[in-house]
Amino acid sequence: MVDYHAANNQPSGGPQTYMEQENDWDRDLLLDPAWEKQQRKTFTAWCNSHLRKAGTQIENIEEDFRDGLKLMLLLEVISGERLPKPERGKMRVHKINNVNKALDFIASKGVKLVSIGAEEIVDGNIKMTLGMIWTIILRFAIQDISVEETSAKEGLLLWCQRKTAPYKNVNVQNFHISWKDGLAFNALIHRHRPDLIDYESLRKDDPVTNLNNAFEVAEKHLDIPKMLDAEDIVGTLRPDEKAIMTYVSCFYHAFSGAQKAETAANRICKVLAVNQENEQMMEDYEKLASNLLEWIRRTIPWLEDRTQQKTVNDMQAKQEDFRDYRTVHKPPKVQEKCQLEISFNTLQTKLRLSNRPAFMPSEGRMVSDINSAWHTLEGAEKGYEEWILSEIRRLERLEHLAEKFHQKAAIHESWTNGKEAMLTQKDYETSTLSEVKALLRKHEAFESDLAAHQDRVEQIAAIAQELNELDYYDSASVNNRCQKICDQWDTLGTLTHSRKDSLERTEKQLESIDELYLEYAKRAAPFNNWMEGAMEDLQDMFIVHNIEEIQGLIAAHEQFKSTLPEANKEREAIQAIQAEVQKIAQSNGIKLSGANPYTTITPRSIDDKWEQAMAMVPQRDKALQGELNKQNSNDTLRATFAKQANVVGGYIQAKMEEIGRISIEMNGTLEDQLTHLREYQQTILFFMPEINTLEGYHQHIQEALIFDNQYTSYTMEHLRVGWEQLLTTIARTINEVENQILTRDAKGISQEQLYEYRASFNHFDKSTSGAEKGGRCDHTGSLIAEEFKACLISLGYDVENEKQGDAEFTRIMSIVDPNNSGAVTFQAFIDFMSSETTDKDSADQVIASFKILAGDKNYIMADELRRELPPDQAEYCIARMAPYTGPDGVPGALDYMSFSTALYGESDL
């Protein structure tokens, strides 16, 4: 009898060489009945696990293989190959021939069967039979195991160590005593199917329970037959290594498919995670865009409201509300608009990097739609601010005119008081000739006075007309008063004409006239009217907006003062007439009746009005000087604002130019550029106090009602827009660099490649002058078609002007400029170059992953998704997968192929 273990003493080079270190112990152990019992049970169960596939099994391992028939059948099942046709005879020679065919097949697989002959197997030698079965197990169940460049026993041991590493009280170092407490078996099952084992409930001091639990779970749920007895393992000092390895190898093969499924599930999880993140970003964009557009929609009607107010104070309250809107409510919306653009650009970059179709927002929520709405909002803002200022001017003008109207009306009404009664009296009927002449002369003086008052009435009517044209809120009362004055004036004219006719008829009978009284009356009346007009002018309210206007009023006032000496001479001349009357009366002994019969204007009243007018002159001087001081102060405000505005305007312009220069230069890595840009952004934000200072100056300017400024070309509106553009531009530039970093990291582009791409792009961006391309400036940040073609040629692309080259260039332009704008941005250029040099995931890869999870079926079931994927992603797939309609489908089958293509935009989800 030969010993089959002698095969383990052969030189290294075959699949059995890893057994050489245990040959001495194995040789002795073969004599141990406990060892033989373990191997017999284990090997029998292992053989039956394969023979069942052929519809048979063995009961006694040394007896059932003696005729070679089931041995050949076992080899056909585990190898998947056909062996030579067995001999069906019952004679010993037939059995030996069948066993030899099996041994020859084993030898053809590179296994050296030293000391194992067909006779020993036919004779039922248990030792040789077990050795032969172990050789088959080694070759077909263990030899092909490979983990991290180790194979067979070492690979199987390493696999066990890796899978059980996280579990307490488990330390797999071999295939005998490390498995006695049963925890290692339970750990292997729990690692792959945690739903089958409650590992925390197991105790190291109860090995029999642990072993039986693992054996029963494996047999019931994993289709691994029970090959070991818990009592045999626990009762043996050192369990049989071959039995343990055989049983553990069944776990390896049972779970190897799970590893493929785990890899496939991870791939799907990664793809779905990207899709879920992108969908969340899309939802966030849609929500933010809707909120911003809704705010704009609500705000524009408020800015377009032109409801007129009655007073300046009411309009100033509206102006304060508008200032609150500009400083409190609008700035957060400017930030939201900037963040919306950044989110949109980042989302599109992520979609390109993950090979997803570009995001197309809902209708009306494109970035261009938001920019258009924002432009409309800013137009409404400008119109609203201009309307407020014009309304304040209009109301100021109205209040001034209304005050002037009532002042002149009061003076006129005071003058006309009693005139109708005077003109309707019949005093001339009982008067003497001299008295009639006196009455006639008095009436002529009255007519002169009436004519002098005609200008005031016309002024009153003109002011009322202007108040109506400016839509004065109390026009009704003004019109009513004006109408009464005009009606009264017409009545006075009619009565004056009637009285004159009566006096002229009576004059022929009366001849006594006092020429001096008449001369006095004629000169005193216009002089008195002049004084009243001068007093009106001295009390006249005024409103000016600049130094030139107040200086014009002061010059007019000085011109008025220069006429006072002549006026005083006229007053003295008039008083001299009255003195001559007194002298003649005294000289001729005439007793005067007292009052001048031709006028009610007395020398005393002339002197009183003269004194009043002279007292008003210094008051007018003081008022004009105060207004001059105010306009000088306003001019100082203009200069202060202009100085700060020129500083802010220059700063904004300089920073915009610097940002443009930075965006086309290549200084340092993208991370260095990003850090520099963020530091640059912080520097710009530090300038915000200067903007706030300027806003304060602007508020003072508006409160002082200053509407022009000759010291600067900047307006607060222009500077606000420029500042917002500066903040948006630096944020957009930072976002572009971040997207370049995303592109570089996702596509594996090196820093040197990015430098090369940027250098090529900048070279051709700079090469075309503005005059040659319709006013385009150097470094516009984009390339027109001719420049882009030259850039591609410099990078080695064959796009010369021929049929094939033009077709290739047209294809490339459709990629980098899908909207046919005629310009290629640097980001589009980078995306194209990276797509030409890097790999990307595809719908086919995802379909292949789902097919692994589905067990090579053309459809997948919901429970398979829930078993292999995390809960949220499993439900995500189930909710979106269409029912499978193929001929091999079953109820509840889901179509993972259409779902996978939809992820990449190749079909509808």
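Biologist: What is the accessible surface of the chain, and what share belongs to carbon and sulfur atoms?
Modeller: The accessible surface of this predicted model comes to about 45,200 Å². Carbon and sulfur atoms hold 50% of that area.

Biologist: How many residues does the chain have, and what percentage count as buried?
Modeller: The chain has 909 residues, of which 46% count as buried. Its elements are 32 helices and six strands.

Biologist: Why is serine 475 called buried?
Modeller: Its relative accessible area is 10%. Buried means under 20%, so serine 475 is buried.

Biologist: Where is serine 475 found, and which residues does it touch?
Modeller: Serine 475 lies in helix H17, which covers residues 475-507. Leaving aside residues up to four places away in sequence, serine 475 touches Leu467 and Asn468.

Biologist: What makes the span of helix H8 close to the expected one?
Modeller: Helix H8, residues 152-164, has 13 residues and reaches 18 Å from its first C-alpha to its last. The expected span is 1.5 Å times one less than the number of residues, and for H8 that is 18 Å.

Biologist: How do you know that H8 is mostly covered?
Modeller: Of its 13 residues, 10 are buried. Among them are Leu156, Leu157, Leu158, Trp159 and Cys160, and the buried residues also include Lys153 and Lys163.

Biologist: What percentage of the contacts with a separation of 6 or more join residues 24 or more positions apart?
Modeller: Such pairs account for 74% of those contacts in the chain.

Notes: Residues numbered from 1 in each chain as written. Predicted model: local features only at pLDDT ≥ 70, side-chain atom pairs only at ≥ 80, totals over all residues. Heavy atoms only, no water. Helix = DSSP H or I, 4+ residues; strand = E, 2+ residues; numbered from the N terminus. Buried < 20%, exposed > 50% of the residue type's maximum accessible area, 1.4 Å probe, protein only. Contact = heavy atoms within 4.5 Å. Areas by Shrake-Rupley, 256 points an atom, 1.4 Å probe, with all protein chains shown as cover.
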